[in-house]
Amino acid sequence: MITTVLGDVKPEEVGHIIPHEHLYCNMTKYLSPSDDPDFYAPLSLSNYGKVRLNPYAVRDNCILDSEELMINEIKMFKEAGGDMYVDLGRGKSRRPESFRR
């Protein structure tokens with residue numbers, strides 16, 4: 001059996017799995033303050049190039065804390081045929097009550 005936040009599931013009942021997700025996380029402890037104005041700006045297409053070169057170049061890229069966004073992401077995964085994801089959150093990033101919603 002596979003233990004989930006919704007209960008146990010038989011392995012043969014599971015199809016497509018995303019095995020390594022972080023639906024909530026806060027990586028700001030790895031940041032160093034910057035004089036770059038994009039550092040505190042919201043993540044957008046205008047600063048995405050910096051993030052591609054350095055994921056810590058924009059603070060907003062280091063925080064995933066929106067339950068609404070998480071729910072929408074899971075819905076899109078389900079609509080695309082996904083069955084299960086494995087969230088690797090720990091500490092304050094573990095929010096099983098949100099995953100049940």
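Strands here are DSSP runs of E that span at least two residues, and they are numbered from the N terminus. The model you are looking at is predicted.

Begin by selecting isoleucine 2, which belongs to strand β1, residues 2–4. Valine 14 is twelve residues from isoleucine 2 in sequence, and the two C-alpha atoms are 9.3 Å apart in space.

Next, select aspartate 38, which sits in the loop between β4 (25–26) and α1 (48–53). Display its side chain together with that of lysine 50, and you will see a polar contact of 2.8 Å joining the two. Apart from neighbours within four places in sequence, aspartate 38 is in contact with Asn47, Lys50, Ala57 and Val58.

Finally, select residues 67–79, the 13 residues of helix α2, which reaches 18 Å from its first C-alpha to its last, close to the 18 Å expected at 1.5 Å a residue. Colour Met70, Ile74 and Phe77, which are buried in α2; they lie on the same side of the helix because they cover an arc of only 55° around the axis. On the other side of α2, Glu68 and Glu79 are exposed. Just after α2, stop at glycine 81, where phi is positive, at about 105°.

Notes: Residues are numbered from 1 along each chain as its sequence is written. This is a predicted model: local features need pLDDT of at least 70, side-chain atom pairs count only at pLDDT 80 or more; totals for chains, interfaces and linings use all residues. Side-chain values use heavy atoms; hydrogens and water are left out. Helices (H or I, at least four residues) and strands (E, at least two) are DSSP runs, numbered from the N terminus. A polar contact is a pair of N or O atoms within 3.5 Å; within protein, one must be able to donate a hydrogen and the other to accept it, and residues adjacent in sequence count only if both atoms are side-chain atoms. Contact means heavy atoms within 4.5 Å. The expected span of a helix is 1.5 Å times one less than its number of residues. Buried means under 20% relative accessible area, exposed over 50%, partly exposed in between (1.4 Å probe, protein chains only). The arc is that of the directions from the helix axis to the C-beta atoms.
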